[in-house]
Amino acid sequence: MAGKRKFELAWIGDKEETDFESIQISAEDLVACQGEIGDFKLICNKENQPEEINVANIIINLPYQEEPVLEKADSLFSDDYDINEDKPVIILQDYPELSAAVISQAGLEKALEIKDNYPDKEVYYLYQAMRFIEDNDRLYERARESEIIFLKFDLGQLKIIEEEIIHYNREDIDLKLNGNILAAPELKPAKETERIARIFNLADGYKEYLQLDNIYLQPTLSGKRGVYLLKGSRGPTALTYFEEELDFTLNEVSKNLAGVAEIDKYDREVDDQKCILCYTCYRVCPHGAIQRDDELNSMKVMDLACQGCNLCLSRCPTNAIQIEDDYLKIEGENEQDPILIICENSAEIAAEKYNSMVGKDPLESYQKIEVPCVSTVERGQIFEILSKYSSDIMILGCVSEACKHLTGHDRCQQVVERIKEDLEKLEIEQDRVHYERLSPRMAADLGAFLADWKEALKQ
Amino acid sequence: MIVGKLKDIKEIKDSLPDDIDSLLIAGCGSCVSVSLAGGEREADSLKELLNLYYQSKGKSVSIETETIKRQCDDEFLDELELPVARNQVVLSIACGVGVQHLAINNPGKIILPGLDTTFYGRTSDIGKWEEMCHGCGKCILDQFAGVCPVARCSKSLLNGPCGGSQDGICEVDDSIDCGWQTIYDRAEELGQLENLLDFESPKDWSTYKDGGVRSHKNPEFFQE
């Protein structure tokens, strides 16, 4: 390695001006990321000169890839476009799909620029939906005053006949427009996105971007603490709210630099005699909180990165990861009561809300196991409960977009399905395991649903 | 590594004798632990499931588990000696090698397989493995841009693809990449396309299973 340098912030991709001690790293040069928030180690290999760079925070800010929607049209974002003297100019947005809101702004500005430079030129503006962010309403008003012709279309009302001719047809208007088209390009994730996802061990995001569709990640968080996603790394709407998102992110970086605390008081220790370096924990961890400990030649859980879901513990094939917290303990007074396995981030919160609304604890008269994430549910654990207790088991997980541990709901569902499959094959106890999804807001649903279930059990 | 998957629970249950009173589930802590099929966790889950089954049938069967580092080497088997001795039946969830090694060392014991040994492969995703090698006994990866035509072409062809290669997909199944497309693509990337023009003589399969049961010795330990 050429040497070690330390920074407060690393920009992967495009860099913005900040007061932080920062470094810009090209996505192509980055080969690995180790460590956790406050002490990431980025391994770069620029022109075969490997270098280890220490950074406290990381912002991945890759550009969008712009894909033209029509072969012969110019891009709405380009300053180098053709103006043919005889033909009108056609601005095309929302084709074939709705464009991001910020495109409306770019389109209106472009239309006005052309009208200012060529006052006699006919300018048509084809769109499905005009989005009024920032000063778009003022731009739109000016555009109407400048006699730019706005034609709104729905799907099926617009056909591209040849590359330069657009057939616009709705009930009252049938127009064939032949002119210079400036089309809003389709925005896609940068080509390095997949490789970057692998380097940071991020779960597959929305539409191949890096951010998952999840309320806990709003607006710019990745699943990995201290790693933030902007613009073309985050998703299709990130261009519209870039300034606000940048402010939020830099504020987060400041807070992180002032100090970061561990998520809970528990240590998750890997027994280096049992660990076989299979990397299962590394692969399943939704927060990128596991890495290899070279000294011990075993995996280790990074305390600041860990978000406490315990998924690693429940999937380790050798039971090598231990915690001094009996989080699978069953609480309850009556062994005959049905058993609930509930996520502390959804059902538990919904139950508290229900209690404050109705004045009655909906979880009363159940035996309970409260878990940090239902992904910790294991087959062996469920089979053991089924053989020790005579009551049914209900697992209350989270709806997909409201799972604090991102993929926990899916992992739990997979386990429950396999449990049911096995029970069915042995023709035993098939209907005793139940699984439902909730969000913390669904207090009333939880109350009603548990009452129904209890009624069904009685029958 | 050797990849395996746990047998269907019904098949496991049916393979156990009707008059069973005690069972040892023997896990293996190497390859099949990595393929999430035969390690300590799987042994424990299987124990709980079989407990539940026998309980539902009103049968009393004592079940214990023991997972050792490797079932294919004598030295590790010491840890299994007592558990094997005190149980009527052993269900090994090691690969086929481990099951047989355990049987060789315990001639008087019923040793049953709880796992299907599938192939030599790599982990390609969480919980997903892909075949990479057939163990043919004569590696030819150097001639095929590092992609094995024996293991990764469904027909083990050595002189280019068959007519069933369509858009990089094998005709045997849509989920299989054409091995020869992969060979071609990688050879092109490496500038080695010329190498593929050489005519391959029929492979000497005597180093594979066609030559009979195989064994070999390291000459440092054996004098010829």
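Pro83(B) is found in helix H5 (residues 81-86) of chain B; helices (H or I, at least four residues) and strands (E, at least two) are DSSP runs, numbered from the N terminus. The model is predicted: local features need pLDDT of at least 70 and side-chain atom pairs count only at pLDDT 80 or more, while totals for chains, interfaces and linings use all residues. Residues are numbered from 1 along each chain as its sequence is written, and chains are lettered from A and ligands numbered from 1 in the order in which they are written.

Pro83(B) counts as partly exposed because it has 16 C-beta neighbours inside 10 Å; a residue is buried if 20 or more other C-beta atoms lie within 10 Å of its own, exposed if 12 or fewer, and partly exposed in between, with C-beta atoms placed from the backbone. Leaving aside residues up to four places away in sequence, Pro83(B) touches Leu24(B), Glu64(B) and Glu66(B), where contact requires C-beta atoms, placed from the backbone, within 7 Å. Tyr54(B) is 29 residues from Pro83(B) along the chain, and their C-alpha atoms are separated by 20 Å.

Chain B is assigned domain 1 (2-118) and domain 2 (134-210), the bounds coming from an automatic or database domain assignment. The C-alpha centres of these two domains of chain B lie 37 Å apart. Chain B also holds an open antiparallel sheet of 3 strands in the order S1-S6-S7, and strands count as paired if DSSP finds at least two bridges between them. Its edge strands, each pairing on one side only, are S1 (2-6) and S7 (128-133) of chain B. The twist averages 70° from one strand to the next; axes are lines fitted to C-alpha atoms, for helices over the stretch in contact, and angles run from 0 to 180 degrees between N-to-C directions. Over 5 bridges, S1(B) pairs in the antiparallel sense with strand S6 (residues 115-125) of chain B, and Ile2(B) stands opposite Tyr120(B) in S6(B).

Where the chains meet, 22 residues of chain B are in contact with 20 residues of chain A. Helices H1 (9-15), H2 (31-34) and H3 (40-56) of chain B are the elements that give two or more residues to the chain B side, and H3(B) supplies the largest share, 12 residues. By class, that side has 7 nonpolar, 7 polar and 8 charged residues; Ala, Val, Leu, Ile, Met, Phe, Trp, Tyr, Cys and Pro count as nonpolar, Asp, Glu, Lys and Arg as charged, and the others, Gly among them, as polar.

The largest nonpolar core has 96 residues, of which Cys312(A), Ile341(A), Ile395(A) and Ile93(B) touch the most other members. Such a core is a set of buried Ala, Val, Leu, Ile, Met, Phe, Trp, Tyr and Cys residues joined through C-beta atoms within 7 Å. H3(B) gives this core its largest share, 6 residues. Apart from it lies another core, of 64 residues, including Tyr127(A) and Leu229(A).

Chain A is divided into domain 1 (4-63 + 189-258), domain 2 (66-187), domain 3 (269-323) and domain 4 (339-458). The C-alpha centres of domain 1 and domain 3 of chain A are separated by 23 Å, and their contact takes 11 residues from domain 1 and 9 residues from domain 3. Chain A also contains an open sheet of 4 strands, paired in parallel in the order S22-S21-S23-S24. Within this chain, 4 bridges join S21 (residues 339-343) to S23 (residues 393-398), and Leu340(A) stands opposite Met394(A) in S23(A).

Technical notes:
Two residues are in contact if their C-beta atoms, placed from the backbone, lie within 7 Å.
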